[in-house]
Amino acid sequence: VDQVFILNEGYFDYTSNQLIEPVTIGVFNPSSQVYNVIDTIQGARFASDLILDQDFLYVAADNMIHKYDKTSYHLLESVQVDGVRNLAIWKDKVIATRGDYDNITFGPIFFNSYLLIFNKSDLSFYLGLDTTIGPKWATQNIIVDGDSAYIAINNAYEWGNYKGIVGILDLNTYAYVNEIDLGPDGKNPDNMVKSGDAIYTINNKDWSGSSISKISTLTNNNQTMNLSNI
């Protein structure tokens with residue numbers, strides 16, 4: 001391992017509407033044990049994802065996607081994407097999920113599309129799946145498995161109306177082909193991890209408890225286990 005990239009969310013005070021600590025990207029060298037900040041993302045209230053693909057870093061920060069050279073750390077491209085949350089790469093495309101919160105009304109910001117696709121080379125817009133043919137609520141994490149993308153749908157910014165769904169996108173046709181209902185104990189999936197032929201989702205429920213759901217990528221069958229006292 002030559003270097004470890006770290007995305008620091010910073011601190012935005014939603015009560016005072018003030019940026020207290022900015023979003024930064026850092027790099028840690030395991031050999032020298034030295035950590036350095038390579039960029040400060042001005043104006044971003046928070047950051048939500050950093051992924052590495054070949055020679056490039058892609059970062060989701062508040063309402064922007066940034067592309068960096070992983071060796072020189074130079075910022076190469078940026079595109080505004082209101083509500084961007086998580087990113088995934090498939091071939092020459094960047095897949096982005098969306099969802100946002102209005103600290104004035106203390107409620108969700110609604111979009112006509114919660115799943116967007118960009119060209120990896122220059123971050124130009126390629127395709128958006130609107131709510132009539134794609135996810136109908138705020139989306140979060142993404143797992144790419146073969147030619148399918150699994151999308152966590154949680155509607156996380158609308159209090160009391162959380163969803164527990166994993167949508168499936170066919171990456172060959174960009175058709176939204178299926179949704180997996182995680183059941184009453186699988187509400188508000190926040191993170192996803194793939195292991196073997198299974199995808200595991202970490203579910204926040206209504207914040208009074210949590211659970212883990214296991215989805216078979218072979219059959220789409222799923223089961224959920226509650227986590228006691230967590």
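Mentor: A pocket, as the word is used here, is an open set of grid points with protein on both sides within 12 Å along at least five of seven lines. Please keep in mind throughout that this is a predicted model.

Trainee: How much space lies in the largest pocket?

Mentor: The lining of this pocket comprises 20 residues, and by class these are nine nonpolar, six polar and five charged. The space in the largest pocket comes to about 400 Å³.

Trainee: Which residues of that lining lie nearest the centre of the largest pocket?

Mentor: Strands β2 (11–13) and β12 (100–102) each supply at least two residues of the lining. Nearest the centre of the pocket, however, are Glu 9, Tyr 14, Phe 46, Arg 85 and Tyr 157.

Trainee: How many cavities of 30 Å³ or more does a search of the whole structure find, and which residues line the largest cavity?

Mentor: The search finds one cavity of 30 Å³ or more, and about 40 Å³ of space lies in the largest cavity. Its lining divides into six nonpolar residues, one polar and one charged. The residues in question are Asp 100, Pro 108, Ile 109, Phe 110, Tyr 114, Ala 138, Asn 155 and Tyr 157.

Trainee: Is Ser 211 buried or exposed?

Mentor: Ser 211 lies in strand β22 (residues 210–216), and, leaving aside residues up to four places away in sequence, it touches Asp 185, Gly 186, Thr 201, Ile 202, Asn 203, Lys 205, Thr 224, Met 225, Asn 226 and Leu 227. Because its relative accessible area is 0% and the cut-off for buried is under 20%, Ser 211 counts as buried.

Trainee: Which backbone oxygen does the side chain of Ser 211 reach?

Mentor: Asp 185 is among the residues that Ser 211 touches. The side chain of Ser 211 reaches, at 2.6 Å, the backbone oxygen of Asp 185.

Trainee: What is the phi of Asp 62, and where is this residue placed?

Mentor: Most residues other than glycine have a negative phi. Asp 62, which is buried with a relative accessible area of 6%, is placed in the loop between β7 (56–61) and β8 (64–69). Its phi is positive, near 60°.

Trainee: Is Asn 229 buried or exposed?

Mentor: Asn 229 also has a positive phi, near 60°, and is placed in the segment after β23 (222–227). Since its relative accessible area is 84% and the cut-off for exposed is over 50%, Asn 229 is exposed.

Conventions. Residues are numbered from 1 along each chain as its sequence is written. This is a predicted model: local features need pLDDT of at least 70, side-chain atom pairs count only at pLDDT 80 or more; totals for chains, interfaces and linings use all residues. Side-chain values use heavy atoms; hydrogens and water are left out. On a 1 Å grid over the protein atoms alone, a cavity is a set of points where a 1.4 Å probe fits but cannot get out, and a pocket is an open set with protein on both sides within 12 Å along at least five of seven lines; lining residues have an atom within 4 Å of a point. Grid points are joined across faces, edges and corners, and a volume is the space filled by probe spheres set on the points. Helices (H or I, at least four residues) and strands (E, at least two) are DSSP runs, numbered from the N terminus. Ala, Val, Leu, Ile, Met, Phe, Trp, Tyr, Cys and Pro count as nonpolar, Asp, Glu, Lys and Arg as charged, and the others, Gly among them, as polar. Buried means under 20% relative accessible area, exposed over 50%, partly exposed in between (1.4 Å probe, protein chains only). A polar contact is a pair of N or O atoms within 3.5 Å; within protein, one must be able to donate a hydrogen and the other to accept it, and residues adjacent in sequence count only if both atoms are side-chain atoms. Contact means heavy atoms within 4.5 Å.
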